[in-house]
Amino acid sequence: MALRHRLIEVSPATVWAVLADGTKYAQWVVGTASSRPVRGQWPAIGAAIEYEVRLGPFRATNETVVRRCKKGSGEEASVLELEAKAGPLGTARIAIDVRPWGEHTLVRVDEHPLHGVAGALHNAGVEVVIQLRHRAMLARLARVCEAEAGHA
C-alpha cells in the first residue's frame, strides 16, 4: 500500500474545490497530459474523467471513475476514492483524504492495485515508484491549490 501525505497551506475548502473540478485533473495528476469529464457530474459517485497519457510517440486514453465521495464540513475530513483504469495494466484504487490541519490542509493519498497485471506484479520496487509519483502529484496539487487561493 502506497501511502503519502502533504501539508498544503490553504484551506480544506480550496483543496476540495480543486479536487472537485474535473477540468483540473490533468493539472495535478502526474503522467496525465490532458483530461475531460465524460460521464456524470464530477465528483459524484459513478462520474468519470477520460485522460490521456503520452510517452514520446506513445499515447493511451483511459478513464478514472469516482467510487466514493464524502464532502466533510468543519473538522470532518473529505474523502474522494477513485478507480483509475490503465488498460492492460489493470486498475488501481486511489483514496484521497482531505483533513483540516489548523488553518491548512493535510492531504493523504493511498493507492493500491485492484485488478490486472499491476496487481500481479506489485512488489516493493513498484511501491517506490508509486511513492515518487505521489510525492510529485501532491506537490503539483499544492501548486494548483495555492494558485487557486491566490498564493502563487
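Residues are numbered from 1 along each chain as its sequence is written, and side-chain values use heavy atoms, with hydrogens and water left out. Because the model is predicted, local features need pLDDT of at least 70 and side-chain atom pairs count only at pLDDT 80 or more, while totals for chains, interfaces and linings use all residues.

**Exercise 1.** Determine whether Thr-64 is buried or exposed, and find the side chain with which its own side chain makes a polar contact.

*Solution.* Begin with the location: Thr-64 is found in strand 4 (residues 58–70), where strands are DSSP runs of E with at least two residues, numbered from the N terminus. Its relative accessible area is 0%, so Thr-64 is buried (under 20% relative accessible area, with a 1.4 Å probe and protein chains only). Next, list the contacts (heavy atoms within 4.5 Å): beyond four places in sequence, the partners of Thr-64 include Tyr-25, Trp-42 and Leu-82. Finally, the side chains of Thr-64 and Tyr-25 are joined by a polar contact of 2.8 Å (a pair of N or O atoms within 3.5 Å, one able to donate a hydrogen and the other to accept it, with residues adjacent in sequence counting only if both atoms are side-chain atoms).

**Exercise 2.** Identify the side chain that makes a polar contact with that of Glu-81, and trace the strand pairing of this partner.

*Solution.* Glu-81 has its place in strand 5 (residues 78–85), and it counts as buried because its relative accessibility is 15%. Its side chain makes a polar contact of 3.3 Å with the side chain of Arg-93. The bridge partner of Arg-93 in strand 7 is His-112, and strand 6 and strand 7 pair in the antiparallel sense over 11 bridges (pairing requires at least two DSSP bridges). In the hairpin of these strands, which has 2 residues between them, Gly-102 takes a positive phi near 65°.

How values were computed. Helix = DSSP H or I, 4+ residues; strand = E, 2+ residues; numbered from the N terminus. Buried < 20%, exposed > 50% of the residue type's maximum accessible area, 1.4 Å probe, protein only.
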